[in-house]
Amino acid sequence: MPETNDAFVRFVDVQKSYDGETLVVKNLNLDIAQGEFLTLLGPSGSGKTTCLLMLAGFEPTTHGNITLDGRAINNVPPHKRNIGMVFQNYALFPHMTVQENLAFPLEVRRMSKGEVEGRVRRVLDMVRLGGFEHRRPAQLSGGQQQRVAVARALVFDPKLVLMDEPLGALDRQLREQMQYEIKHIHDNLGVTIVYVTHDQGEALTMSNRIAVLNHGEIQQLATPDTLYEEPQNAFVAQFIGENNKLLGRVTSMNGMNCSVEVDGGGKVEARAVNIEGVGSRTMLSLRPERVQINPPDGQFPNVFEGRVEELIYLGDHIRTRVSVCGDDDFIVKVPNASGHAALRKGDDVKVGWAIEDCRALDV
Amino acid sequence: MAIADATVQGITVDGVPLKDKLRRATRTSRVRAFLLVTPLLLFITVSFVLPIADMLFRSVDNPRISSLLPETVAALEQWDGKKLPDEAAFAALAKELKLRREDRNLGKAATRLNYERGGMRSLITKSARKLKRVERGPYKEAMVEIDEKWGQRETWAAIKLIGKRYTLVHYLAGVDRRFDADGNVVTQPEVRRIYITIWGRTLWVSLLVTAFCLLLGYPIAYLLATLPLRQSNLLMIMVLLPFWTSLLVRTTTWIVLLQSNGVINDILVWVGILSDEGRIRMIYNMTGTLIAMTQILLPFMVLPLYSVMKTISPSSMRAAQSLGANPFTAFVRIYMPQTVPGVGAGSLLVFIVSVGYYITPALVGGSTGQLISNFIAYHMKSSLNWGLAAALGAILLAGVLAIYWLYDRVVGIDNMKLG
Ligand SMILES: Nc1ncnc2c1ncn2[C@@H]1O[C@H](COP(=O)(O)OP(=O)(O)OP(=O)(O)O)[C@@H](O)[C@H]1O
Ligand SMILES: [Mg+2]
């Protein structure tokens, strides 16, 4: 689906600077397919909002082009772009009722009264807010306001909807419910959604693809599972999910794999993903759930002596902190399966993992 | 369980009603709070409540004639006003006129009567002088002999009217009305009509000043609320600068600028837009009043507007545009309605202040730019008709309260933001 020539939204060599000195967005190239749910994920200040604002037309690009449905939109003013947008603080019109808020985009498009009413009713049903037509935003709860904001961005049938951390102000439970609802709406309507968040869990559950941004650059653009399983660089590996890191130096290359001399002692066989060659420094990335404690002999090429430092009982698994290869912050998730050997703090254990689960990345 | 039962019935555990307990617990803090506001309460009473009460009393109080001509007033009590009064009234008046002439209070009575009816002063003085020679009655013929006005019932009706201890004549005079001989409310004769014009002018000037302030203040407030901090701070200082300058200095500056040989006229003549004879009169008339008042009252409009605009989230304009509204529509339909509380507060403030404005019209208003306050001042300081001044003040107060009430009904005073 991605990387086709007829991409629906396309950023070509886009750069952005607010002050003429620093580039907030550096050379962004991104294709978004029709009907896709694409998430821009990154830490605060990484340029996510800036990308959305450029797409919506509120900020000019400093360099490069943005095309929408094959048309360059650099010179199209925001109100002619036909892009729905959900703002972080919802930006509902406080002096209008829910009904009036939703009717606004239809009225400025000069739709007939009957049509406006029909559409408003349909979209209110969709977000399950029937009966709230005559309330003002101030009389709604945060979650309800959020739904009105989503409904308003959808009511005029835009092909593209932008959402800038729309769930940031909600509590966790409501946030999870709204994630599900937004995803559901996306599946039903088939609109293209560009979604901004700095919550990786949210990104993983909702998106078709995720673009991880840092310092105005895309670090990796991939589906959620690829992003989690196969991070391409140290930043992504650390930003998405939990990650054990072992720093070391590459001593030999061997096809897809390589040997790494870890700084804290020990020689690890790893998959060579993003290293410059023999002698270069590398960061080994290992997911805590891919490490086994006391594996059967001969199962893994990588087996090391370690000692249990801390145990945290979490119900379905036990988070075990181990010191291994000079790293005393090495986390292992031990599943709480029946018959599993009970560990105690201070136990000496063996720790092992497979080559393909250990990725040698840049530093 | 027992405690739960007790609280249901409003009684604490030891059996005292909850309300009493609460009252006792908060008594000290209430006493302290009251003591703290006492100075303010006293100040407001002395400087605000008492003067207004005094003003309202003076506007209906009318002691002069009833104390100077008590017997005449008493004799006229029974008079039905249809024909001339009987001999008793004539006799009483003749006697009292002579007495007042002797104790030198005649002038006061004459002046008071003259407020109500032109020509009374000379009639009274003349009659008192001539009555000295009339020793015995019947006084009726004698007085009509002295002046035929004593044969007209309107003259007597005026005395009866002014003789009342409490009266509404000041209020009527304040709106160019009076009682005729039969006690009906009628319009003043043409030459004595002034206040309706002045009230109208006061309203008109206030409305215009409010409108000008809104027109000028709205963009300024918008800039203040949207410019980056550094520029907006500078702008704010420029808005407030006039506040820190004396009112007199500002008004005098307008005189320097606007007078016939002032800076603006000089420049226009120098550039050649005006001929030297064609200099525009921009001051000592209504124009002067309008210009100077608008400038002085502008901050009263800008500040409430600014404080409201500051709270409007910039993303609501963006949202409107993303929904398909062009910038103009977005401004008119989304931004402006959100500024209504500020517009209301600013307009109310400017309007109410202008309705009672005194110093600027007095300095630059000439004769056509005088407002009602200037007439109130005139009656207090020059004509010494305090009753009329008080009545005009009371009407003004009632008008302001009415506007406030209307505003509350239409917009709601809770929606007002003053900063
Ligand atoms: N109007 C502006 N003027 C100048 N600099 C700006 C402006 N808006 C954003 N920036 C800068 O651009 C960078 C990226 O900002 P942006 O708002 O895109 O970040 P973000 O990824 O959305 O962050 P967050 O998750 O905190 O919302 C930041 O360093 C910010 O300081
Ligand atoms: Mg942001």
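**Note on the predicted model, chains A and B**

1. Chain A contains eight helices and 20 strands. The model is a predicted one. Chain A has 363 residues, of which 51% count as buried. Its C-alpha trace spans about 75 × 45 × 35 Å along the principal axes. Among the contacts in chain A with a separation of 6 or more, 67% come from residues 24 or more positions apart.

2. Lys16(A) belongs to strand β1 of chain A, which runs over residues 9–16. Is this lysine buried or exposed? Its relative accessibility is 4%, so Lys16(A) counts as buried, the limit for that class being under 20%.

3. The side chain of Lys16(A) has two polar partners to note. One is the side chain of Glu59(A), with a polar contact at 3.2 Å. The other is the backbone oxygen of Pro60(A), which the Lys16(A) side chain reaches at 2.8 Å. With neighbours within four places in sequence left aside, the contacts of Lys16(A) take in Thr22(A), Leu23(A), Val24(A) and Val25(A), then Thr50(A) and Met54(A), and finally Glu59(A), Pro60(A) and Thr62(A).

4. A helix pair in chain A comes next. Two packed helices are described by the angle between their axes and the distance between the axes. For helix α4 (residues 142–154) and helix α5 (residues 172–189) of chain A, the axes come within 11 Å and cross at roughly 15°. Angles under 35 degrees count as roughly parallel, and α4(A) and α5(A) are therefore roughly parallel to each other. Their crossing is right-handed.

5. On the α4(A) side, the residues that meet α5(A) are Gly143(A), Gln146(A), Arg147(A), Val150(A) and Leu154(A). On the α5(A) side they are Leu174(A), Gln177(A), Met178(A), Glu181(A), Ile182(A), Ile185(A) and Leu189(A). The residues of this contact divide into seven nonpolar, three polar and two charged.

6. In chain B, the axes of helix α2 (residues 18–60) and helix α21 (residues 386–410) come within 7 Å and cross at roughly 120°. That angle makes α2(B) oblique to α21(B). The crossing of these two helices is left-handed.

7. Which residues form the contact of α2(B) with α21(B)? From α2(B) come Ile52(B), Met55(B), Leu56(B), Arg58(B) and Ser59(B). They meet Trp386(B), Gly387(B), Ala390(B), Ala391(B), Gly393(B), Ala394(B) and Leu397(B) of α21(B). By class, the residues of this contact are eight nonpolar, three polar and one charged.

8. Backbone torsions in chain B deserve a look at two positions. Most residues other than glycine have a negative phi, and most peptide bonds are trans. Arg104(B) is not a glycine, yet has a positive phi of about 60°. Its place is the loop between α5 (87–102) and α6 (106–116) of chain B. With a relative accessible area of 76%, Arg104(B) is exposed.

9. Asp176(B), also a residue other than glycine, has a positive phi near 60°. Asp176(B) sits in the loop between α10 (169–174) and β1 (177–179) of chain B. Is Asp176(B) buried or exposed? Its relative accessible area is 1%, so Asp176(B) is buried.

10. Arg100(B) lies in helix α5 of chain B. At 14% relative accessibility, Arg100(B) counts as buried. Its side chain reaches the backbone oxygen of Leu68(B) at 2.4 Å. Apart from neighbours within four places in sequence, Arg100(B) is in contact with Leu68(B), Leu69(B), Pro70(B), Asn105(B) and Leu106(B).

11. Val73(B) is part of helix α4 of chain B, residues 70–76. Its relative accessible area is 15%, and Val73(B) is therefore buried. Neighbours within four places in sequence aside, Val73(B) is in contact with Ile65(B), Ser66(B) and Gly163(B). The C-alpha atoms of Val73(B) and Asp176(B) are separated by 25 Å, the two residues being 103 residues apart along the chain.

Notes. Residues are numbered from 1 along each chain as its sequence is written. Chains are lettered from A and ligands numbered from 1 in the order in which they are written. This is a predicted model: local features need pLDDT of at least 70, side-chain atom pairs count only at pLDDT 80 or more; totals for chains, interfaces and linings use all residues. Side-chain values use heavy atoms; hydrogens and water are left out. Axes are lines fitted to C-alpha atoms, for helices over the stretch in contact, and angles run from 0 to 180 degrees between N-to-C directions. Helices (H or I, at least four residues) and strands (E, at least two) are DSSP runs, numbered from the N terminus. Angles under 35 degrees count as roughly parallel, over 145 as roughly antiparallel, 65 to 115 as roughly perpendicular and the rest as oblique. A crossing is left-handed if the near helix is turned anticlockwise from the far one by less than a right angle, and right-handed if clockwise. Contact means heavy atoms within 4.5 Å. Ala, Val, Leu, Ile, Met, Phe, Trp, Tyr, Cys and Pro count as nonpolar, Asp, Glu, Lys and Arg as charged, and the others, Gly among them, as polar. Buried means under 20% relative accessible area, exposed over 50%, partly exposed in between (1.4 Å probe, protein chains only). A polar contact is a pair of N or O atoms within 3.5 Å; within protein, one must be able to donate a hydrogen and the other to accept it, and residues adjacent in sequence count only if both atoms are side-chain atoms.
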